[in-house]
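Subject: Structure handover

Hello,

Here is the structure you asked for. Please open it first, then read the notes below.

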Amino acid sequence: MNTHSTPHPVTSPVILHIAVPAPLYRGFDYLANPAFALPPLGSRVSISFGRQQVIGVVIAHKTTSDVPRSKLKIIESVCDQHALLADDIFWLAQWAADYYAAPIGEVMNSVLPVLLRQGKAAIASTQTVWRSVGEVSAMTNILARAPKQAAVWRYLQQHPEGQRAEDLDLAFSQWRDAMRELQLKHCVLEEQLAHLNTIENPQRHVEADMPTLNSEQQAAVERILSNDSGVYLLDGVTGSGKTEVYLRVIEQMLAQKKQTLVLVPEIGLTPQLLARFTQRFHANIGVLHSGLNDQQRLNTWLAARDGVLDIIIGTRSAVFTPLANPGLIIVDEEHDASLKQQDGFRYHGRDLAVLRAHKLNIPIVLGSATPSLESLHNVQRDRYHSLHLTERAGNAQTPLITVIDTRAQRSHQALSPALQIAIQTHLQQGRQALLFLNRRGFAPVMMCTACDWKSDCLRCDAHMTLHQQQQRLHCHHCGSERAVPKQCPKCTAEIIPVGTGTERLEQQLAERFADFPIIRIDRDSVRRKGALEAQLNKANQNTAHILVGTQMLAKGHHFPNVTLVGILGIDQSLLSADFRGPEHAAQLITQVAGRAGRAEHAGEVLIETRLPQHPLLITLIQQGYSAFAQAALQERQAASWPPTTHVALLRAEATQAHKANEFLQQALQHLRALPDNALTLWGPAPAPMEKRAGRYRAQLLLQAQQRNHLQRVLKNLPEQLSQLPAAKSVRWSLDVDPVDLF
Ligand code: ADP
Ligand code: ZN
Ligand code: ZN
């Protein structure tokens, strides 16, 4: 099916193959409506589907159908005269639907902004902007006797980019009457501009802030710009100046009037990255984040498509943003699991970005201090070019990492004496300490002092976490919560919190270091809009001396005065049963450690663990992440795990315990019966957390030595699975290249 080539004129009546917005794995045939011009591939049409009127996307023109022509319905209307989806995106969507065995309609939902899916016209909303006209000298006379008008005019003159009503409201309590007068006098111009969600930098201090690149950075920039295409893995320790490399390459793109698409794992967590882009460039920068309303999202999408935006920064779904003049794609923190969508259409933003760049014949840069084993494997196979930044930029030095053996320590005391002494020392030198604990709340479980009662979640195989400030128990897996019991519900004895979360750690630090202000950064403490930025500012301005937080603190932030990093509570991830567990643990440790000594002061990292002999930890600490990654890749190879093999995970869940297993047993029988099936099948087995949110979960792993063996089976699998007898009583999903097995 070669559906991505440009449409040829076709003789009417033509059959349109249409993706409908439903979790269905195939398109549906309709007859073109002779009342309209033939809708091109990638355009929207309105159709009746079942009893509903829906918006579909034309994915193929056909002359024949399996359905008799008399049974085919005619489309109701055509929404777009031209293809709404550019060729490369149309192609990418279809490719992704095949590769991820995803319903084509759901794929289209990820590709198109909501308003377009609803059939709205592809037009940006506009807003009124006022600009001043004329020179100061000429205006003095005209405005001499109207001080309010003069003030408004002068204000507009100071803002030549134009001002919106919101801006004027901030500057003046009343301005509309004056503006009307100014307009009558032809002293201001009123314009309607597309309502863009762009951030623009009014102060252009471009040259002043640019450091001189070191030789590795220079080489990386030259290499990326030397070719029209190619995948570059920018492998550089934290603080080695990767962002600076992105900025220099983007600068060249701007000079050539080409657009850059930047994918980041989570925008809210990286305000500093955004700030650096806006400070550097006087360019139109569009940001796609979850805080946008539907119209803003559409506006940004259109502005990117029409070439108005020079730089588009977004999370994984931004990979589908249309670009008028694509020049470069950057994926920052390419190892980050949040680049993979974890429900519905389970695609990997990084992998689709690589594919799109290849299709567009433009370079793509994957940046990380801790590259994924997949990308390192691709370097070994000469598919990706590797660019190394081995030294920290400027004067910053690589921190020293030490392990603290906490086997002798009591569990409610999170801070070992050695760590306390280190904190004391660094604080006394006027530096900041960062403590990382990837567990929010006060304590991960409450236990009875007399019997075996624990604060178990009724809906999950998990404990409920004590949140002491709220005096509630929360399940972090299903979201249920309840009041903290006063005593043991079973035997009325006293119950106590066991273990340590960030809330408790903060409390212990406050007791021990009473003179030093502390801030905590986790999902609970930064729930309010703008709270994260406020906390980060406190950290940066040195108003907080101790920073406590979860992995939110590990990502991309630059705290120049942090010289001590303490890493707590990592044992669980070191012991994880998931084949990616060690990789994720090593990435997290390395990323957190990288927060130490990012500026001129040397850093120190202390890791508390009850597993001081853990081989992974030893390799990582003694030889660094690259050595760890090579060892881990060899282990994966020996154990036949990705990236040396290819896997897909079939998950099923049901309210009755045996149903999920029953469905997977049927799936197993079906797969075994397939002719020339080269897959290895593991399971079915209960999921590592079997019960979650009241549902019992199980999984079956499909593993292939070669990618095409897996793809061959996946091609028809969704339809076959939906026909299994037990399919009706379970929820099931296929996850191709899963990032975790949970
Ligand atoms: P990364 O993205 O690898 O963490 P950054 O690009 O953020 O690294 O650089 C870390 C710090 O070093 C930043 O403050 C940046 O401005 C600075 N920096 C980057 N490159 C240089 C350079 N060549 N000379 C001096 N300082 C640099
Ligand atoms: Zn009890
Ligand atoms: Zn729960």
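The 4 donor atoms around the zinc ion (ligand 2) subtend angles of 102 to 115 degrees, so the arrangement is tetrahedral (four donors count as such if all angles lie between 85 and 135 degrees). The ideal angle for four tetrahedral donors is 109.5 degrees.

This is a predicted model, in which local features need pLDDT of at least 70 and side-chain atom pairs count only at pLDDT 80 or more, while totals for chains, interfaces and linings use all residues. Residues are numbered from 1 along each chain as its sequence is written, chains are lettered from A and ligands numbered from 1 in the order written, and side-chain values use heavy atoms, without hydrogens and water.

Zinc ion (ligand 2)
The protein donors are the SG atoms of Cys448, Cys451, Cys488 and Cys491, 2.2 to 2.3 Å from the zinc ion (ligand 2). Donors here are N, O and S atoms within 2.8 Å of the metal (3.2 Å for Na, K and Ca); water is not among the atoms, so sites may look incomplete. The spacing of these donor residues in sequence is C-x2-C-x36-C-x2-C. Cys448 has a relative accessible area of 10% and is therefore buried, whereas Cys451, at 27%, is partly exposed (buried is under 20%, exposed over 50%, partly exposed in between, with a 1.4 Å probe and protein chains only).

Zinc ion (ligand 3)
Cys457, Cys460, Cys475 and Cys478 coordinate the zinc ion (ligand 3) through SG at 2.3 Å. The site of the zinc ion (ligand 3) is tetrahedral, with angles of 106 to 114 degrees among its 4 donor atoms. Its donor residues follow the pattern C-x2-C-x14-C-x2-C. Cys460 and Cys478 are both buried.

Regards

Note on methods: Tetrahedral: all angles 85-135°; square planar, octahedral: opposite > 155°, others 65-115°.
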